[in-house]
Amino acid sequence: EGVQPQEYVLIKMEVQQPFPEKLKSLEGKKVFLAAATLRPETMYGQTNCWVLPEGNYGAYEINDTDVFILTERAALNLAYQKLSPVPGKPSCLVKLKGYDLIGLPLKSPLAFNEVIYSLPMLTILTDKGTGIVTSVPSDSPDDYMALHDLISKPALRAKYGVKDEWVLPFKVIPIINIPEFGDKSAETVCTNLQIKSQNDKDKLAEAKKLTYLKGFTEGTMLVGEYKGKKVQEAKPLIKAQLLDSGLGVLYSE
Ligand code: A2H
């Protein structure tokens, strides 16, 4: 972590009924996987959610109605932000492993896909954000490669109990144009750099640098309320919209 606090938007991805056995005790509440993102303007293109199979998570009470699934570390940060029944004290209702979350059907803010599924990503860090990541394969090289791995490796799907219908057909949704990289910048850059898998760390870092900077400075929105506007202009507007509607929450660490 740097000297400056990092400010994320937490995207409230609502778990759809019926709840699996592990979450049955939460019936009657609104339960969300809370994904930390720096790119709220990309939420139209969400295709799935990512969890770390071996990761430790919990279902934390936020207020009378809402429960967030995230890491204990993130729950503590939220509690300091007064997002817990007793300020400073997280209230864990159920302890969970990433494995328990794989395959959950979710409804996520702004996503064109009505229902998206929670899937395994092996490179998630548990000491950053919430340990939950939303997946936008059009614009995030990490997301693109993790999804590519699941699509191209039936053995990987089998290992984590990922059903074919949760990942197939593999549809990347174009949401932002970058002149140099087209409408699916992550796919273009991953192909150009010949990235082999989600574990190809150095090349993925390079791909992220390229797409992140150019997306912000040269990207144009292809969809949504701010279609035709530059990403630079649209980003704060979409962020405000998510926060005002209560579908997103500010989170800093
Ligand atoms: B971003 P920074 Cl479209 N482990 O959101 C691994 N990655 C994590 C994480 C964790 N615990 N928590 C958040 N992230 C991801 C969208 C996105 C993101 C796009 C393009 C680039 C991008 C959709 N995924 O991030 O290290 C989240 O993915 C590129 C950096 O704090 C979050 O924003 O800078 C970003 O990494 C935060 O990473």
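Student: What should I know about the model before reading it?
Tutor: It is a predicted model, in which local features need pLDDT of at least 70 and side-chain atom pairs count only at pLDDT 80 or more, while totals for chains, interfaces and linings use all residues. Residues are numbered from 1 along each chain as its sequence is written, and side-chain values use heavy atoms, with hydrogens and water left out.

Student: Which residues touch the most other members of the largest nonpolar core?
Tutor: Leu33, Ile69 and Leu101, in a core of 62 residues. A nonpolar core here is a set of buried Ala, Val, Leu, Ile, Met, Phe, Trp, Tyr and Cys residues joined through side-chain atoms within 4.5 Å. Buried means under 20% relative accessible area, exposed over 50%, and partly exposed in between, with a 1.4 Å probe and protein chains only.

Student: Which helix gives the largest share of this core?
Tutor: Helix H3, residues 141–152, with 6 residues. Helices (H or I, at least four residues) and strands (E, at least two) are DSSP runs, numbered from the N terminus.

Student: And what does Leu33 touch?
Tutor: Leaving out residues up to four places away in sequence, its contacts include Ile11, Val51, Ile69, Leu101 and Ile132. Lys12 and Ser118 are also among them. Contact means heavy atoms within 4.5 Å.

Student: What is in the second core?
Tutor: That separate core has 14 residues, including Leu10, Leu70, Leu78 and Tyr251.

Student: Switching to cysteines. How many disulfides?
Tutor: The count is 0, where a disulfide is a pair of cysteine sulfur atoms within 2.5 Å.

Student: Cys49 and Cys92: buried or partly exposed?
Tutor: Cys49 is buried, at 0% relative accessibility. Cys92 is partly exposed, at 35%.

Student: Now the ligand. Which residues come nearest?
Tutor: Tyr8, Thr37, Leu125, Lys128 and Asp143, out of 16 residues around the ligand. A residue counts as near if one of its heavy atoms lies within 4 Å of the molecule or strand in question.

Student: What about the side chain of Asp143?
Tutor: An N or O atom there is 2.7 Å from a nitrogen atom of the ligand.

Student: How much of the ligand's accessible area does the protein cover?
Tutor: 86% of the 690 Å² that the ligand has on its own. Accessible areas come from the Shrake-Rupley method with a 1.4 Å probe; for residues, only the protein chains shown count as cover.

Student: Backbone next. Which peptide bonds are cis?
Tutor: Gln17 to Pro18 is cis, with omega near -10°, and Leu168 to Pro169 is cis, with omega near -5°. Most peptide bonds are trans.

Student: Where are Pro18 and Pro169?
Tutor: Pro18 is in the loop between strand S1 (7–15) and strand S2 (30–37). Pro169 is in the loop between helix H5 (164–167) and strand S10 (176–177).

Student: What is phi at Leu110 and at Gln194?
Tutor: Near 70° for Leu110 and about 55° for Gln194. Leu110 is partly exposed, at 25% relative accessibility, whereas Gln194 is exposed, at 52%.

Methods. Polar contact = N/O pair within 3.5 Å; in protein donor to acceptor, adjacent residues only side chain to side chain.
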